[in-house]
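Dear colleague,

Please find the structure below, handed over for your review. My notes on it follow.

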Amino acid sequence: MSARRIVLTSGKGGVGKTTTTANLGAALAKRGKRVVLVDADIGLRNLDLVLGLEKRIVFDLVEVVEGRCQLRQALIKDKRFQSLSILPAAQTRDKTSVSEAQFAAVVRGLDDTCDYVLIDCPAGIEHGFRNAVAGAAEAIVVTTPEVSSIRDADRVIGKLNERNMPIRLIVNRIRPEMVRSGDMMSVDDVVEILGVKLLGMIPDDEEVIDTTNRGEPVVLVPDSRLGEIYEKIARRLEGENVAFSTLQAPGIFGRLFGQRKAG
Amino acid sequence: MIEFFKRLFAPEPSGATARERLRLVLLSDHLSLAPDVVEALRADLIAVISKYVEVDEANCDVSFEQQDQAVAVLANIPILAMRDRRPPPPPGTSGGPKPDSPPRGDALGATYALADESRHPARSAVGQVQRKRRRRKRVAGQSQPAMG
């Protein structure tokens, strides 16, 4: 069986593509899925750092493309999971060192060794974006509830529609208390504007800064609320019908609201 | 207290402003990304107007402009002459006015007036694309933002 090849993209930089890729990949691996995360951001590699694997890199994607090593030699296995690896981007090269066909061939090379290939797309809609998308059959668009991020997401969705790619949306960095007071667009607003099916909504949470600082996937933190959210997204991705829990639920809301007040 | 003054001076929460601004800018983005659609609209507009008046096709201009509350279709279509609206003569008879012949008699004054106006064509908004505020009615219990 071939792997599901999914690109995570946003157009705008800094909305949380890499963090989402890392944590969603970890959540899928925690569920026993075989996952490879591909960093398509050649020249600005970060996926390794977010997952705490930066010291273990030997080869990278460009070296695979150039035939300097085997694909499996470049894969770094995350020892905290049974079945999670990453394929790091080259740091000292630029995006034009790989063509769309070459990138797609590398991703296809992962097909029978795993269930999911998640491709962390670079910001922008140029060469790096086209490469990342060429390797994928599905897309997850990550956005925040801000005007610039949504406009860029809309542009990217237009590009993905040209390729008839199924698209799902993750709204990241939601601040529930601002949504409540009307000072932030709600997830409903964002979904309505972009017209894409919702896969997940992630609150703006300090925990993600903390876990990223440590290079630790948040799904490994015991009783983490954020970890739970990523696990729900993973289940939805697998086709499960997981309800979007509301902040009104007792306990959760108070915790969220209290935390945001503190932050 | 600060919150109170904030509310006092901010008539509309900024989330709603963001939503409206985005709707407009995205509509405008989509139109500028679809030159074929704009071209087809231009051709159709000219075709419809040409049924009634003779237009200066070479100098027609159809564009979209973002205004305060809407994106507007701006059509600048100079009119050269009025079309003869009298029904064409029954087939087989001769001597009747041809449909495309220039207007005569009492129609002339009106034609001149139109042609004159066409020298200073005012940019007229042919249609305003108004979007209804599609605020969803929220079911009680879902009014809070959801997480998950």
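A residue is called buried if 20 or more other C-beta atoms lie within 10 Å of its own, exposed if 12 or fewer do, and partly exposed in between, with C-beta atoms placed from the backbone. Val106(A) counts as buried because 22 other C-beta atoms lie within 10 Å.

This is a predicted model, in which local features need pLDDT of at least 70, side-chain atom pairs count only at pLDDT 80 or more, and totals for chains, interfaces and linings use all residues. Residues are numbered from 1 along each chain as its sequence is written, while chains are lettered from A and ligands numbered from 1 in the order in which they are written.

Val106(A) sits in helix α5 (residues 100–108) of chain A; helices are DSSP runs of H or I with at least four residues, strands are E runs of at least two, and both are numbered from the N terminus. Beyond four places in sequence, Val106(A) is in contact (C-beta atoms, placed from the backbone, within 7 Å) with Leu61(A), Val64(A), Val65(A) and Leu71(A).

Leu61(A) is also among the residues with the most contacts inside the largest nonpolar core, which has 85 residues. Such a core is a set of buried Ala, Val, Leu, Ile, Met, Phe, Trp, Tyr and Cys residues joined through C-beta atoms within 7 Å.

As for confidence, the model scores ipTM 0.81 and pTM 0.75. Chain B has a mean pLDDT (the predictor's confidence in each residue, from 0 to 100) of 67, and 49% of its residues reach 70 or more.

Yours sincerely

Terms used:
Contact = placed C-beta atoms within 7 Å.
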